[in-house]
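Dear colleague,

My notes on what was found in it follow directly after.

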Amino acid sequence: MKSLVIVESPTKAKTIKKYLPKGYVVDSSNGHIRDLPASAKEIPAKLKKEKWASLGINTDDGYEPLYVISTPKKKVVKRLKDLIKEADELILATDEDREGEGISWHLKEVLKPKIPVKRMVFHEITKEAIQSALGDFRDIDMNLVDAQETRRVIDRLAGYTISPLLWKKIAPGLSAGRVQSVAVKLIVDRERERMRFRSGTYCDLKATLAPEGRKTTFEADMSALNGKRLASGKDFDEQTGKLKKPDAVELLNLDAAESLKDLLTESAKWSVQSIEKKQQKRSPAPPFTTSTLQQEANRKFGFSAGDTMRVAQRLYEEGYITYMRTDSTFLSNQAISAARNGVEELYGTEYLSEKERRYATKSKSAQEAHEAIRPAGSQFKTPKDTPLSGREMKLYDLIWKRTVATQMAEAQIEFTNLVIQANVAHSDVKGEEALISKLGKGKDLQATFKASGKKILFPGYFRAYVEGSDDPEAQLEDQDKPLPKMSENDALDCSKLDALTHETKPPARFTEATLIKFLEKEGVGRPSTYASIIGTIQDRKYAQKDGSALVPTFTAFAVTELLETHFPDVVDTHFTSEMENQLDEIANGNHDRLSYIKSYFEGEKGLKENVDKQESQIEPAKARRINLPLEGLKDIELFVGRFGPYVQMKKDDETISASIPADMDPSDLTAEKIRDLIEKSEEGPETLGKHPDTGEDIFLLTGRYGPYVQLGEVTEENKKPKRGSLLKGMKPEDVDLETALKLLSLPRTLGEHPETGKEVKAGVGRYGPFILHDGKFKSLGKDDNVLEVGLERALEVLKQEKGARGGSRGSSVLKELGKHPESGDAINVLTGRYGPYIKYGKKNISLPKDAEVESFDMAQAVELINKKMK
């Protein structure tokens, strides 16, 4: 008997093949073999005139999706149909979540097999798991299929109904999404909080102390003055920068703090007032779910959510970890046994937890796979026993440590809290007016300081895993900070005293990790979708990275304001979370797919009716206006336009506009900066002088993409005057007429090549300074100045070998991946001037920025090719 097994990817196919008996043929679908139309050209000609065709969903007939098979997938379908002809049974072994169930259903619907069809599921690709799954087939779960399809339909209805309205009212190319728009609003709301924030200032003292006559020092922070608690950051109102309850705390300014420092240094007697010791036990964190893995990989390694999921997908398909899309923290008996054996072997029985530790899932709906992410198999391979490297090694090591730690003993920690008094007799306070006004005349001064220490009595699971740390052993040393041995009333010596000034800080911006944590906590979206959502937010220019922080753009503010005003449900956290609950009910068979879609899209409160009603009420000019919470902007308006954000002010019946530079974020704006932009626009461009040949003025201007020089003014006859951007590192104030002339001369001719007689030129392109000769480019080195470089140096650069620094666009093969599983064409990874890329037939496809050539494989290449050729 011959069995055909279909999975989603070539890598998974290659791994699973090792564990199947003879008579099994394994092939892959490369993801979904059909989907909703991605563009108008994919809509069948006979349906193009239907009013619902652009949606790809038949709203007149039960919201039936219009599924199409893209051109690249037609070859896949043909190959699979040919294989079915030679098989006696079809086994669909796609992933066990909703998406995998949907892929299996689509395969069955398209291939129309006349042989028995079986559904095979497993959550890890190991010999035991595959052989067990072969004896436990089931049917396709249509509840899961309905939930997957409903999500796809709802997302299409939301995106394709609201996005066109954004194009009309704000700018082309914008998009809205069921979860995406909520995430953007969260980022924008956090930025609004930061803009409204007003900083407060307070001072305190830090003392370096030691038990009298001993050298071991420790630090203590001042907490109270004559029994009244010192003000700290929590006491300030974020929107005023002032104390919430001024009478409840003591606020020290710098003068008072310095006076207090001097007085305590000269006259104080220091002693231990009280010592409090308490012991705590700490338990390890649960094993990873999709979202906690994304968060921790972001914190530890700076991986984006997308990076993490791509690496985890490879680890799963190569048989190293269990399925990586899961909301569950459950560990199977097999996993617990493997983890406990690992603890005993590596750390000893004293580090093993007394009882098996099991975790209950706290997610609002653990609806994906049924086990946490862990190393695969009944025996966990230690990271050093695998051939992994690079990002795959980092992530596997992280998963292995977290899983093993779940079965380790609790860490035992002793905390010591010290209260210290620094006393000064009232007779010594004379002359300190700043203090006397606070203390009152004739009163002794008593300054209270606090110190804390921590001692690890038993490290327990800390030996294997500490959240946020790459090196648990090093982290143990950092955490162990005991205080010297002391008793109550012991005298202390003060060797150093510092007066410190503090400013309260605005709420931190979201990072990918904190945004994912918030979305999951609120039940918005599902962990398996977070990577694509965060990627879309950045691709659509709603947010950009500043380090690890997500910073909203002006466009994000404009779109969020429009949706808040006219479609509040679309950006409402609770509403979106409730939608997820409804989808879960469909997956559990408790809710009807069609009735839910109708309630969402139709009726008086439905999305379609709401969009139709609101569209006529939205004025484009108002939609493009941004209302930032900034003071001093009563007579100034901010807008997003086709060419970027700009400000506008009316003055004497004249409207003055000024572009906001591309490198200026909403958070950078102040009333002062905006008025400066308008003032420069009103004054007109700065003239550096006249061109010696043409007599035209040369202007120094600032545009959307930064400062530049321009020859002559823009007129009807000269709509595009010659311009030259300032070079990297140049400042506008350093540009004079001579420099401007050099910039305008680019690309400049250096002379003729002695061998070819053809011109050699120097210029600046998108990727930096270059030398051009005979249609070929060579990059200049970082030490070369494109404005000064001569022919002799240019000829040297042109002679450099391909691939050398400053070399040409010539390419060399970095890695041969083999033949494409469908077409048979060779796929290679090559090095190019602008980074590595895939060469597939006549197609050149750049590798993603986060891709590592050494670990880039055929499965990733095929996925990238399919995406680009769709």
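In helix 22, the buried residues are Thr-739, Ala-740, Leu-743 and Leu-744. Viewed down the axis of helix 22, these residues fall within an arc of 135°, so they line one face of the helix. An α-helix has 3.6 residues a turn, so residues three or four places apart point the same way. The cover over the buried residues of helix 22 includes strand 20 (686-690), strand 21 (697-703), strand 22 (706-711) and strand 23 (723-725). Please bear in mind throughout that this is a predicted model.

The loop between helix 22 (737-744) and strand 24 (748-752) contains Pro-747. The peptide bond that leads from Leu-746 to Pro-747 is cis, and its omega is near -5°. Most residues other than glycine have a negative phi, and most peptide bonds are trans.

With a relative accessibility of 45%, Asp-774 counts as partly exposed, because buried requires a value under 20% and exposed a value over 50%.

Within helix 18 (residues 593-601), the residues Arg-593, Tyr-596, Ile-597, Tyr-600 and Phe-601 are buried. These residues cover an arc of only 115° around the axis, which puts them on the same side of helix 18. Among the elements that cover them are strand 4 (64-65), helix 5 (142-169), helix 17 (573-587) and helix 19 (607-615). After helix 18 comes Gly-603, which has a positive phi, near 80°.

The packing of helix 10 and helix 11 also deserves a description. Two packed helices are described by the angle between their axes and the distance between the axes. For helix 10 (residues 333-347) and helix 11 (residues 390-405), the angle is about 95° and the axes are 8 Å apart. Helix 10 and helix 11 are therefore roughly perpendicular to each other, as angles of 65 to 115 degrees are counted in that class. Helix 10 contributes Ala-339, Val-343, Leu-346 and Tyr-347 to the contact, and helix 11 contributes Trp-400, Thr-403 and Val-404. Six of the residues in this contact are nonpolar, one is polar and none is charged.

The loop between helix 10 and helix 11 holds Arg-374. Is Arg-374 buried or exposed? Its relative accessibility is 0%, so Arg-374 counts as buried. The side chain of Arg-374 makes a polar contact, at 2.6 Å, with the side chain of Glu-371. Apart from neighbours within four places in sequence, Arg-374 is in contact with residues including His-123, Glu-124, Tyr-320, Ile-321 and Thr-322. Further contacts of Arg-374 include Gln-334, Phe-380, Ile-399 and Thr-403; Thr-403 also takes part in the contact between helix 10 and helix 11.

Gly-23 is located in the loop between helix 1 (10-17) and strand 2 (24-28), and at 33% relative accessibility it counts as partly exposed. Between Gly-23 and Leu-4 there are 19 residues of separation in sequence, and their C-alpha atoms are 8.6 Å apart in space. When neighbours within four places in sequence are left aside, Gly-23 is in contact with Met-1, Lys-2 and Ser-3.

Finally, some totals for the chain. Its secondary structure comes to 24 helices and 31 strands. Of its 870 residues, 51% count as buried. The C-alpha atoms fill a box of roughly 105 × 90 × 70 Å along the principal axes. Of the contacts between residues at least 6 apart in sequence, 68% join residues at least 24 apart.

Yours sincerely

Methods: Residues are numbered from 1 along each chain as its sequence is written. Side-chain values use heavy atoms; hydrogens and water are left out. Axes are lines fitted to C-alpha atoms, for helices over the stretch in contact, and angles run from 0 to 180 degrees between N-to-C directions. Helices (H or I, at least four residues) and strands (E, at least two) are DSSP runs, numbered from the N terminus. Angles under 35 degrees count as roughly parallel, over 145 as roughly antiparallel, 65 to 115 as roughly perpendicular and the rest as oblique. Contact means heavy atoms within 4.5 Å. Ala, Val, Leu, Ile, Met, Phe, Trp, Tyr, Cys and Pro count as nonpolar, Asp, Glu, Lys and Arg as charged, and the others, Gly among them, as polar. Buried means under 20% relative accessible area, exposed over 50%, partly exposed in between (1.4 Å probe, protein chains only). The arc is that of the directions from the helix axis to the C-beta atoms. A polar contact is a pair of N or O atoms within 3.5 Å; within protein, one must be able to donate a hydrogen and the other to accept it, and residues adjacent in sequence count only if both atoms are side-chain atoms.
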